[in-house]
Amino acid sequence: MLLNRIIINNFRSIENLTIECGRGINVFAGVNGAGKSTVLHAILINLSWLKARMRGTSARGMMIDFSDIRHGAVSSSVTTIADEACWQIARVAPARKSEVKSELGMLGKYAAGMMERYYESGGRTNLPMIVAYSVNRSLVDIPARVQKKHELDAPALYAADIDGGMRLRAFYEWFREREDIENEIKNENRDLNLEDSQLRAVRNAIAIAMPGYTDLHVRRRKPAGFELKKDGRSFRVNQLSDGEKCYLTLIGDIARRLAVCNPALENPLEGEGVILIDELELHLHPAWQSGAIDIFRRVFPNCQFFISTHSPHIVQNLQLEGNDTLSVLENGKLLPVSASYGESIEQLYYRVFNMKTLLPAPVQNTLDDIWGRLANGEADSDGLRNAIEKLRQYLSPGNIEFARIRMQIAKIRKENRQ
C-alpha cells in the first residue's frame, strides 16, 4: 500500500493542507517552525492506525492530542487516501461539538483481508512495511548478547512501536538471533555456503548503500560483539563513527523490516513500504547526504519515503519529473517553489531554504555598506575607504570581492572624468 494524498485540517500550525504524494521520495523543506515535522507527525498518526488494524480489528493507533488541535479550532483531522483504502482520524476540542469524526471502516476491511490471507498462507503472504524514524533516533549501544526473542515475523513488527528510531538497537538484536538460525541451518545441512534469505537482504542493502562495508556478523569469541569489514579491514561496529553507525543501522533496519514483511519475494528489498524519516541528514557527512536519495531509489525501489530536511544536498538529488516531490513549507502552508535535479547548492539555499546570504553577517553587512556607497557614486570618500579597510579584517587580500570593488571604483572614476 502506498499513499496518494494526505489532507490535514487544523493540526498544530496547519489550518488546511493537501499533499499530493509521489510514489518515490517525498521531501519537506523549510525553515524551523515551517511545519515539516508537523506534516510527518500527522502522517505518522494515520499510519499508526493502519499498523494497529493489521494487529486486530479493535486495536488502536495514536490519537490526535487535544494540544495538537489548532488554536481556536473546533476539531482537527488527518485524512489519508491510499491505493487500497482511505481513512480519517479526527479529534474534537474539549467542550466543543463537531460533526467531524474518525472514519476507519474501509481501513479495517483492508487490514482484516490482508491478515486473513497472511495466516491462510502460513505466513507466506507479503504485507506492507510501515516505519518512522524520528529525530530522537539514536544508537546508544550495540548489544553483544540477546536475552529475549525479537520481531521475526510481520505480526511481531506490527505489534512493535511504529517509531523504529527509538529502538535501533532492535536491529542488532534481530540480526544476532537470525544469524543463530542461519548457523543452525548450515550445521544441519553441513553446508557453510547456505545463507538465510532475510540476512542476505540486509547484507545486500548495506553493500550497495555503503561500498566497502561488508561481512556484518556476530563475533562469539571474547570480546563478543558485532564486527564488519571496512575496506578489507576488520572493525568492531562500536568502533565506527556515530555517522557510520547510524547510517549503517538505518539501512539495515529498513532492509530487515522489508525482509520480514515480504517472505514470498525472492528479493525482499523490492517489497512495498512507507517510511518516514525526520531530518534525514542527522549525523551524515554532506557526501552521504548527497548520495542518500539515490541509494534509497536503488536499494528500496518500491518504497515510498516521506522525509523532512534542512539539507540542500538532499533536495539537489530529487527527480521531480519522476516519482519524487518537494514541498516547501512556510507557516504551515505550501510555497510555489520547485527545484531542478542537480541544481547548485548555493541556488537551493536561496530559493528553497530562504537564505538571504551564505556569508557571515558582519561580512555581508560590510559588503552591503560598500556596494550601497558605490551605488551612490562614491569612489574616494572616507566612508568607502573605512568600509573597505573593515572588509580587509574579514577577507583575505585575494578574495574576489576586492577585485569586483576595484573594478566598480575604476568605472565610477572614469564616469566622473567624462
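Start by selecting F171, Y172, W174, F175 and F226, which together form one aromatic cluster. Rings of Phe, Tyr and Trp (its six-membered ring) pair if their centres lie within 6.5 Å; planes under 30 degrees apart count as stacked, over 60 as edge-to-face and the rest as tilted. The structure holds 13 aromatic pairs.

Before moving on, a word about what is on your screen. This is a predicted model, in which local features need pLDDT of at least 70 and side-chain atom pairs count only at pLDDT 80 or more, while totals for chains, interfaces and linings use all residues. Residues are numbered from 1 along each chain as its sequence is written, and side-chain values use heavy atoms, with hydrogens and water left out.

Next, select F300 and F305. How are their planes arranged? The ring centres are 6.4 Å apart and the planes stand at 45°, so this pair is tilted. F300 is buried, at 1% relative accessible area, and F305 is buried too, at 0%. Buried here means under 20% relative accessible area, with exposed over 50% and partly exposed in between (1.4 Å probe, protein chains only).

Now look for charges over rings, where NZ of Lys or CZ of Arg is within 6 Å of the ring centre and within 35 degrees of the ring normal. Show R91 with F66: the charged end of R91 sits over the ring, 3.9 Å from its centre. Then show K230, which lies over the face of F235 at 5.8 Å from the ring centre.

Turn to helix α6 (residues 242–261) and helix α7 (residues 286–299), whose axes come within 13 Å and cross at roughly 10°. Helices (H or I, at least four residues) and strands (E, at least two) are DSSP runs, numbered from the N terminus. Axes are lines fitted to C-alpha atoms, for helices over the stretch in contact, with angles from 0 to 180 degrees between N-to-C directions. α6 and α7 are therefore roughly parallel, a term for angles under 35 degrees. To see where they meet, select G243, E244, Y247, L250 and I251 in α6 with W288, A292, I295 and F296 in α7.

Now pick R219 in strand β7 (residues 213–219). R219 touches A224, G225 and E227, not counting residues up to four places away in sequence; contact means heavy atoms within 4.5 Å. R176 is 43 residues from R219 in sequence, and their C-alpha atoms are 9.7 Å apart.

Finally, zoom out: the chain has twelve helices and 13 strands, and 49% of its 418 residues count as buried.

Conventions: Parallel < 35°, antiparallel > 145°, perpendicular 65-115°, else oblique.
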